[in-house]
Amino acid sequence: MIPRSSTGIPPWSLAIAAMLLIQVSNALSVTVIEQVGPAGTAWLRMCFGGVLLLIIARPRLRSIRARDLPALLVLGLVTGFMTTFFLAAVERIPLGTAVAIEFLGPLAVAGIASKRRSALAWPLLALVGIVLLTEPWHGRMDLVGVGFALLAGTCWALYNVFTQSVGDRFSGISGLALTIPIAAVFTAPVGLPQVLGGNAALWVLLLAAGIALITPVISFGLEMLALRRMTHTAFGTLLAIEPAFGVLIGLLVLSQSPTAMQLVGIALVVIAGAAAQRGGGRQRVEPHPAD
């Protein structure tokens with residue numbers, strides 16, 4: 001269970017733990033994708049995750065105000081399709097490459113939010129790294145997979161913004177317990193048909209439930225707790241190491257070995273992310289007393 005209070009625990013450590021867990025869950029999802037497709041896998045993760053979070057957090061629905069609904073609905077929408085698009089990318093391109101391309105989303109947010117114009121150059125450096133990762137000169141770049149990763153990155157950027165907004169409004173992970181069921185509803189039209197048309201055997205469902213415990217329950221919960229105490233820029237800077245985590249987990253779990261050129265590409269993405277923004281802790285925003 002995720003602790004309701006993270007006081008005393010550095011927010012950066014929560015974010016790093018969340019990043020590692022997310023990549024582990026994405027790697028484990030490959031087996032489920034083979035049985036029920038990427039959208040089906042994402043939907044199952046949202047469904048099981050939503051149930052687990054409702055049991056753990058037990059959010060009080062009466063504390064929701066009308067002005068909270070837009071942020072909750074948008075966060076649920078982008079959370080569901082961030083996972084759906086990303087798993088669709090992982091089905092077609094290596095995990096580390098997908099993470100690096102997806103990372104362009106939050107990196108762009110960090111650059112735009114910066115007060116320094118020079119920060120806008122870092123997304124361009126990351127783009128150079130992406131080119132080295134995909135190696136288009138070999139004629140084997142999967143444009144569909146790249147497109148899915150870019151869509152996931154757009155959702156990821158919005159996810160970071162709205163996670164902080166919802167996290168400020170609701171205590172602990174109660175906001176997450178409300179948005180993941182919403183994500184399940186939004187992704188049902190694309191996910192449910194793949195589950196019904198695939199191999200939804202008991203072992204597949206149990207594996208999906210186990211992955212859901214890792215992500216979204218634990219990892220997204222840790223992210224929400226971290227974002228409540230960090231600026232967008234600080235969090236965006238810390239996220240720079242996530243592409244490297246994607247390569248590492250892809251190597252250890254999926255045996256996806258990057259080439260020397262691709263390692264250089266990952267290094268450029270990480271450098272761009274780390275240099276794009278510097279920031280510190282965010283002053284804690286107390287949730288509404290009704291929570």
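Biologist: In which helix does L132 lie?

Modeller: Helices here are DSSP runs of H or I with at least four residues, numbered from the N terminus, and L132 lies in helix α5, residues 121–134. This is a predicted model, in which local features need pLDDT of at least 70, side-chain atom pairs count only at pLDDT 80 or more, and totals for chains, interfaces and linings use all residues. Residues are numbered from 1 along each chain as its sequence is written, and side-chain values use heavy atoms, with hydrogens and water left out.

Biologist: Is L132 buried or exposed?

Modeller: Buried means under 20% relative accessible area, exposed over 50%, and partly exposed in between, with a 1.4 Å probe and protein chains only; L132 counts as buried because its relative accessible area is 16%.

Biologist: Which residues does L132 touch?

Modeller: Contact means heavy atoms within 4.5 Å, and, leaving aside residues up to four places away in sequence, L132 touches W137, M261, Q262, V264, G265 and L268. The C-alpha atoms of L132 and V264 are separated by 7.3 Å, although these residues are 132 residues apart along the chain.

Biologist: What is the nearest side chain of opposite charge to E223?

Modeller: Lys and Arg count as positive and Asp and Glu as negative, while His and the chain ends are not counted, and a salt bridge is a side-chain nitrogen of Lys or Arg within 4 Å of a carboxyl oxygen of Asp or Glu. E223, which lies in helix α8, residues 202–227, is buried yet has no salt bridge, and the nearest side chain of opposite charge is R45, 10 Å away.

Technical notes
Helices (H or I, at least four residues) and strands (E, at least two) are DSSP runs, numbered from the N terminus.
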